[in-house]
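The report that follows is meant for a reader meeting this structure for the first time.

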Amino acid sequence: MLFPAMYQSSGNHAQIFLQTSSTEKINPIGEALYGAGSDVLKTELSAYGEKLLGSGSAYVHSNMGRYFSNPQYYFQVNDQYVKNKLKVILLPLLHKGHWMRATETVGGEFSYKPPIEDINAPDLYIPLMAFVTYIVLAGFFLGINEKFSPEALGIQVTDGLLCWLFQVLLIEATLHSLGDGEIPFLDVVAYGGYTFVAVSVALMAKLIACCYCFYVVSVWESFCMGMLFVKILKRILIAEVRISEKLSSKRHYLLLLVAVAQLPLLFWLGNVVV
């Protein structure tokens with residue numbers, strides 16, 4: 001705040017003195033209200049941030065568990081399981097018993113038994129080993145036909161991965177079209193990878209016998225794989241997801257589509273040297 005100016009004359013010169021106040025008055029009530037409002041705002045923002053981060057973390061954790069489950073679960077296998085599972089994959093007609101998965105209660109929570117305790121549980125050990133076997137056989141066929149090269153082998157790897165992806169998308173599309181539930185994504189990946197067991201057997205038949213034997217085995221394995229997927233998808237739709245009764249006729253057509261799609265997939269993968 002400025003006070004009136006004071007003039008002082010000295011000869012021909014005039015001096016001007018401005019007097020100002022050393023301090024200004026402060027409103028104590030306004031300062032108190034401002035401090036209280038700032039504290040409340042900080043507290044509310046902090047609580048909202050913690051709530052937002054907590055709900056987001058819980059959402060991510062729940063969805064990760066729903067779609068990806070526990071990867072270690074799919075590798076809990078032994079020799080007996082692998083032997084019996086290969087029989088189910090290659091000869092599903094000979095599978096005795098039900099196709100439902102065994103359940104257990106762990107810590108008060110419902111869960112499925114691991115593959116080592118349940119022949120109907122999906123695993124990733126067999127699909128990965130079958131995929132590696134398929135790549136080795138494909139490389140061998142390229143070699144004996146003098147067509148081996150890193151680029152040619154890379155094409156076979158790409159074809160195999162594309163086929164695996166197509167199987168996963170086909171199964172996912174079928175389940176989403178018929179049911180309103182969700183199953184772990186790694187379950188679907190495991191089911192789609194069983195195709196490489198059948199194509200590896202067809203390639204070994206081609207190696208041991210002849211091309212005609214390859215075609216016969218491929219047709220037979222396509223039938224077996226189609227039956228296997230129909231059994232698996234029926235079990236999932238009945239026991240693991242909810243399905244509307246209005247979609248019963250649509251279910252038959254989609255399951256037939258999944259079964260028929262196995263024939264061109266096996267011939268695509270088995271046609272290595274072309």
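In this predicted model, a search of the whole structure turns up one salt bridge. The bridge joins the side chains of Arg101 and Asp187, with a distance of 3.0 Å from N to O. Because Arg101 sits in the loop between helix 2 and strand 3 (103-106), while Asp187 belongs to helix 5 (residues 185-193), the pair ties together parts that are 86 residues apart in sequence. Both partners are buried: Arg101 has a relative accessible area of 10%, and for Asp187 the value is 3%.

The chain around this pair contains nine helices and four strands, and, read along the sequence, these elements follow the pattern β-β-α-α-β-β-α-α-α-α-α-α-α. Of the 274 residues in the chain, 36% are buried. Among the contacts with a separation of 6 or more, 72% are between residues 24 or more positions apart.

**Helix 3**

Helix 3 (125-144) has 20 residues and reaches 29 Å from its first C-alpha to its last, a span close to the 28 Å expected at 1.5 Å a residue. An α-helix has 3.6 residues a turn, so residues three or four places apart point the same way.

What follows helix 3 deserves a separate look. Most residues other than glycine have a negative phi. Glu146, found in the loop between helix 3 and helix 4, has instead a positive phi near 55°, in a residue other than glycine. At 74% relative accessibility, Glu146 counts as exposed.

Gly160 lies in helix 4 and is buried, with a relative accessible area of 0%. The C-alpha atoms of Gly160 and Thr195 are separated by 9.9 Å, although the two residues are 35 residues apart along the chain.

Ser218, for its part, has its place in helix 7 and is likewise buried, with a relative accessible area of 1%. When its neighbours within four places in sequence are set aside, Ser218 is in contact with Ala202, Leu263, Leu266 and Phe267.

The table gathers the accessibility values of the individual residues described so far.

| Residue | Relative accessible area | State |
|---|---|---|
| Arg101 | 10% | buried |
| Asp187 | 3% | buried |
| Glu146 | 74% | exposed |
| Gly160 | 0% | buried |
| Ser218 | 1% | buried |

Rolling a probe the size of a water molecule over the atoms shows where empty space is left. How many cavities of 30 Å³ or more are there? The count comes to two, and the largest cavity has a volume of about 60 Å³. The residues that line the largest cavity are Lys85, Val88, Ile89, Trp99, Asn120, Tyr191, Tyr194, Leu228, Ile232 and Arg235. Helix 2 (79-90) and helix 7 (211-240) each supply at least two residues of this lining, which by class holds seven nonpolar, one polar and two charged residues.

The elements giving two or more residues to the lining of the second largest pocket are helix 2, helix 3 and helix 6 (195-208). By class, its lining divides into eleven nonpolar and two polar residues, with no charged ones.

Notes:
Residues are numbered from 1 along each chain as its sequence is written. This is a predicted model: local features need pLDDT of at least 70, side-chain atom pairs count only at pLDDT 80 or more; totals for chains, interfaces and linings use all residues. Side-chain values use heavy atoms; hydrogens and water are left out. On a 1 Å grid over the protein atoms alone, a cavity is a set of points where a 1.4 Å probe fits but cannot get out, and a pocket is an open set with protein on both sides within 12 Å along at least five of seven lines; lining residues have an atom within 4 Å of a point. Grid points are joined across faces, edges and corners, and a volume is the space filled by probe spheres set on the points. Ala, Val, Leu, Ile, Met, Phe, Trp, Tyr, Cys and Pro count as nonpolar, Asp, Glu, Lys and Arg as charged, and the others, Gly among them, as polar. A salt bridge is a side-chain nitrogen of Lys or Arg within 4 Å of a carboxyl oxygen of Asp or Glu. Buried means under 20% relative accessible area, exposed over 50%, partly exposed in between (1.4 Å probe, protein chains only). The expected span of a helix is 1.5 Å times one less than its number of residues. Contact means heavy atoms within 4.5 Å.
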